[in-house]
Amino acid sequence: MTTMNNQDSNNSNNRTAAPPTNASKQPLPTPKAVDTQSVLKRLQSELMALMMSGDSGISAFPEEDNIFCWKGTISGSKDTVFEGTEYKLSLSFPNDYPFKPPVVKFVTGCFHPNVDVFGNICLDILQDKWSSAYDVRTILISIQSLLGEPNTSSPLNTQAAALWGNQEEYRKMVMEKHLYKKPTA
Amino acid sequence: MTADALSSVCNLGVLDSLSEASIFEILESWNGFCKITETMVKGDDADLSPFYSKFQSNVSSLCKYGLQSLVEEHFLLSLQETLEKHSAPKFWKNFDAYSNKTDLETNDQNMQEDEVELLLCKALEEISLEKQYQEKCLLMLVNTLQICQDYPSDVEKIFFSKYRLIVSSVLMTTLPRQFPEVLHWYFKGRLEELSTIMAGDYEENNDKNGMELDGNYDQKKILENKLVKNIGMVVHNLRNLGFTSMTEDAYASAIFLLLKAKVYDLAGDDYRSSVLESIKGWIQAVPLQFLHALLDYLGDSIIYFSPESTKSPLASNPSSCYPGTGKPSEGIIRWQLRLEYFAYETLQDLRIAKLFEIIVDYPDSAPAIEDLKQCLEYTGQHSKLVDSFISALRYRLLTAGASTNDILHQYVSTIKALRTIDPAGVFLEAVGEPIREYLRGRKDTIKCIVTMLTDGTGGNNNGPGNSGDSLLEEINRDEENQENTGIDDDINTDDKQAWIDVQRWEPDPVEADPQKGSRYRRKVDVLGMIVGIIGSKDQLVNEYRVMLAEKLLNKTDYDIDTEIRTLELLKIHFGENSMQKCEIMLNDLIGSKRINTNVKTTINQLSQTGGESHEDKTSFDILNATIISSNFWPPIQDEDVNIPEPLDKLLNDYAKRFHEIKTPRKLLWKKNLGTVKLELEFEDRTLQFTVTPVHASIIMQFQNQTSWTSKNLADAIGMPVDTLQRRINFWISKGIVSESSGTDPNDHLYTLVDSMADGGKTVISNEELVADDDAERSVASVEDQLRKEMTVYEKFITGMLKNFGSMALDRIHNTLKMFCVSDPTYDKSLQQLQSFLSGLVAEEKLELRDGAYFLKK
C-alpha cells in the first residue's frame, strides 16, 4: 500500500527518476552528521535552481519564515485528463534532508489512483526509492508525470483506479472535482 | 419684637387668649387688605394714594397680631397671579405671529426684521410699564410694613429680588419657542445697520489716517449713539425681565454671524494679500465699539483692570482703541479675545479648505500662508490642516492624470509653503508622506527630479522662468547659509551645523510623532525631502550620472561650466564620494579638450613636415574627440557601423597618434556615438544637418551611388537591415531620400532625391527628433540597468506569487531578502523593488490590487 515497487511504476517513472543532476548536489553521504547550515544551503541552492530552471507547470517556494516548509504548485500536463488543472502541494523537509525524503502532500484534493483523500501520495521516490540526488524540482516533475501515468495496480483510491480505464468519464470527474475545489484552493 | 411675634404664632395657646373682638378685627382687616390688594394689583397705573391710608391701617392691624408673613405672601402671590394671568400672556401674544413663520424667514427677512424691531420695542415697553407699576405697589407694601414694624433696612432689597425671581420664572415657564429666534433676528438686524454705519466710518478713518472728525462723522456718531441707545434700552429691559443670558446669547450669535460674513467677505479667493490685519481692525471698529457702547450704557464696564495684567498678546495696544474711556473693561477684553479667536478660526478654516489652491500659486500666495500661520499659532488646529490637505492632495494631485513634473512642483511648493507655517517640519512630514508614497510608484520620478535639479542652469530651451531653476536656487541658498565653510572640511561643517542646531533648539510641537527622531526634522531641507522620495541618494546620483553622460557625449564643444557648477552644488549635498564618478566624467571632458588639441597639433606638425596631402590636415580640424574612461561612465550602448573610408582612416590616425602621446594607453573609438555636422550640396540648394554618425554614414553612401537597395546599403554600412530601415527614415522624412519597393518585396530601393522638384515638396516634418528614438540613446538608462539586475529576481517573484497567490510589497521584499541569498544577493531597496514591480505590472505580468500583487493569468 505504501510503496509502488512494481514494474509498472518503474516504467512510468524512469523518465523522471533519473533526472539530470549535477554532481555538486550530491554530497558524500554522511548520514548521521546533521548540519542545519548545510541543509539550509542545500535548500537555498535548490530554490535557486528551481527558479532558474523555468520549468513550466511546476513551481514551489518556501513559506516566509521557514525554509523547511514549502508550498508547491503543479499543473496537469497537456494531453492528459488533468490538463488545465492546478494542484497545490505542501512539502516539508526533514532536518536531515537530503538523506531523508521530504513529506509531500496534496493540499488541493486530487482525484487520482495514487492519492488518498488526505492528499497523501504513493510514490516510490518519496519512500524507499529516495535518493539524495533528487531535489525539489525532480520531485515536482515526478508528481506531475504521476498524474498522467498512475499506477493502478496498487491504488490508494480504488474508485479512481477503477475509473481510470474510462478516460472520458475520468476527465469529467477530474474537472468536476477541480471546479468544485477551485474556490477554496 | 419680631421674635416675639413669631413665637406667638407658634404658640397655639395664644389663640385662646384672642377675644371675639380681636378675631373680628383680624378678619375685617384681612378682608380689607385682600380687597385693596386686588384692586391695586389689577388696577392700571392709577394713582395709588387713595388706597394708601386704608391699606396702611389694614396692614398695621394685621401686623399687630403678628400676621405680617401672611400679608407678604398674599401680596406677592397676587402679583404673581396677575403676571401669570394677565401680563405674561399679553406679552407673549405679541410674538404669536412668529410662532410658525420660521420658514418664511428667508423670504421677507427685511420686512420681518423691521416688524420685529418695532414689535419687540413695543412689547418690552409695555411689560416694563406693568412691571414698574407692580414694583410701585410692592414699594407701598414695603413702606407700610416698615412703618408698622421695625424691619431691617435691606428688606426692600429682599422683596425686590423675590419679585424679580417671580417675574423671570413666570416668563420663563411660559416662554414661547420662537422667542430666542426673534431676539436673534432683532440683534442681527440692528448689528447690520450699525455695521454699515460704522464700516463707512472705519474706512473713512483709514483713509484719513485718524484725522480729526468732521461734521459728517459727528452725524454718524449721533446716529450710531441713537442706535446703540435703542439697543441698550432693549437689552436693559430684557435684563430686567430676567433674560440676561438669553439676550447675551442672541447678540453674541448675531455678532459672530456678522463677523463670519465679514471674514468671508474680506478673505475671499484672493491669496495675494494679507487679510488678518483688516479683520482685526474691523473687529476693533465695529463689534467691539458696539459692545463697548452697549456695556457702557448698561453700566457694566465699571471694573477696571490695569491693561498690563490682562493684556493678551493679541490686544497689542488696547487702550488706544478707546479714546475717552481710557482702559477697557475686563468684559471688553474678554469679548475681544473671543471675537479674535473666532475670526482666526474662521479664517483658518477658510484657508485650509483652499490650501491646495493657495499652494499652487505659492510664491504669490505667501500673504495667505502667513495669515494661516498666525491663525494656526493661535488656534493650534494643525491637525485639521494636515487632514484636509492630505485629502485634497489625494483627490486632486495624486491621480493618474497629473504629470510627475506637476506633482513634484506641487511637492516643492508644499515644502516651501508649509515651512513657513511650521518651521520644524512636523506637519510637512505628515503631509509629504502621501506624495512621496505616490511618487515612488511612478517610473519617471527619478528622471523628473534630476531634470528639475539640473536643468535650471542650462536653461537653453526653457527660459529663466522655468521652475526647474527654483530647485537649484534652493541649493544655492542652502549653500550660502552654510557660511563660508570650506567644501573640503566636512567635519568642521558638521560641528558648526550641529552647534547652530543646538542653539536653535526648540521643543517639538505637541503633535510631533515621537517615533520619528526630532533631530532629523530640525532643518527642512527641500533637497533632502526630495531625495526622501527616492529613498537613497545613490539612485539619484546614478540617474544624474546617466543624464550627465548623455549630455556630455552630445557636446561638440568642451564647455562644461554649467555642469561643473551643478556638480559642485551636488557635491555639497551628497558628499564628495558619491559624486566621484561624475567628477571623473567631467575631468575626462577637460582632459579630452587638452589631448584633442595636443593630438591635432602634433599631427598637423607631422603632416607639414612629412609633406602629406592637405586633405588630411583639414580633416583633422573637423574632428574633435571626447576621450572617456569607460570604467567610470555608465554602460555605453554599442552599435556596429561602418564609417566611410576616409573618415575611418582619420579616426585610425588619430588613435595612433593618441597612442604615441599617451603610451601605453590606446584609444578605442565608439563610432556610433557623437554628432556629425554635415552639409549636403545639391544642384539647387545646400542643406545643413547635425546628425548621429550612423545617419551620416548612411547619407554618405549616397555620395557616389544615388540608389541603393536596402540589403546592399545595410551591408555597406555594416548594420542589420531592420535597423537601417529605421534609421533611414530620418532622411526620408527630410525629403533627401525616397523609398520605393523594388522587385523584391523585402528589399526596398532607396534613391537620393536630387532636387526639390524631384521629391515634390520637401517633407520636412517637425519631428526632427523622430530619429532620436530610444535606440538612439548613447547610454543605458538607469532603469535598463536595474531591469537587467532585476530579471534574476523576477523568477523568484513569479515563483512565490505562483505558490502564495497574492503578496504585499513588504512581504515580497522580505521573502527576497530571506531566500535570495546566494549568487545574486538581493540588495535592492523597497523603492527599487516597487518600481520594478510596477514595471512588471505595466508589462501585464503582474496585477496590483488592494496593495497586493498577483500573477496575471
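Of the 185 residues of chain A, 45% count as buried, where buried means under 20% relative accessible area, exposed means over 50% and partly exposed lies in between (1.4 Å probe, protein chains only). The model is predicted: local features need pLDDT of at least 70, side-chain atom pairs count only at pLDDT 80 or more, and totals for chains, interfaces and linings use all residues. Residues are numbered from 1 along each chain as its sequence is written, chains are lettered from A and ligands numbered from 1 in the order in which they are written, and side-chain values use heavy atoms, with hydrogens and water left out.

**Chain A**

- Chain A has five helices and four strands; helices (H or I, at least four residues) and strands (E, at least two) are DSSP runs, numbered from the N terminus.
- Starting at the N terminus, the order of elements in chain A is α-α-β-β-β-β-α-α-α.
- Among contacts (heavy atoms within 4.5 Å) in chain A between residues at least 6 apart in sequence, those joining residues at least 24 apart make up 60%.
- The accessible surface of chain A is about 9200 Å², with 53% supplied by carbon and sulfur atoms; such areas come from the Shrake-Rupley method with a 1.4 Å probe, and for residues only the protein chains shown count as cover.

**Chain B**

- Chain B contains 34 helices and eight strands.
- Chain B has 857 residues, and 45% of them are buried.
- Of the contacts in chain B with a separation of 6 or more, 74% are between residues 24 or more positions apart.
- Chain B has an accessible surface of about 44600 Å², and 52% of this belongs to carbon and sulfur atoms.

**Where the chains meet**

- On the chain B side 16 residues are in contact with 18 residues of chain A.
- The two chains bury about 1700 Å² between them, 65% of it on carbon and sulfur atoms; buried area is the accessible area (1.4 Å probe) that two parts lose on being put together, summed over both.
- A:E86 and B:K802 form a salt bridge, with their closest N and O atoms 3.3 Å apart.
- On the side of chain B that touches chain A, α32 (782-804) and α33 (809-819) each supply at least two residues.
- α32(B) gives the most to that side, with eight residues.

- B:V694 lies in helix α29 (residues 693-701) of chain B and is buried, with a relative accessible area of 1%.
- Apart from neighbours within four places in sequence, B:V694 is in contact with B:E639, B:V641, B:N672, B:M719 and B:R727.
- B:V694 and B:I643 are 51 residues apart along the chain, and their C-alpha atoms are separated by 8.0 Å.
- B:R436 is in helix α19 (residues 426-440) of chain B and is buried, at a relative accessible area of 5%.
- Apart from neighbours within four places in sequence, the residues in contact with B:R436 are B:Y411, B:E429, B:M529, B:G532 and B:I533.

Conventions:
Salt bridge = Lys/Arg side-chain N within 4 Å of Asp/Glu carboxyl O.
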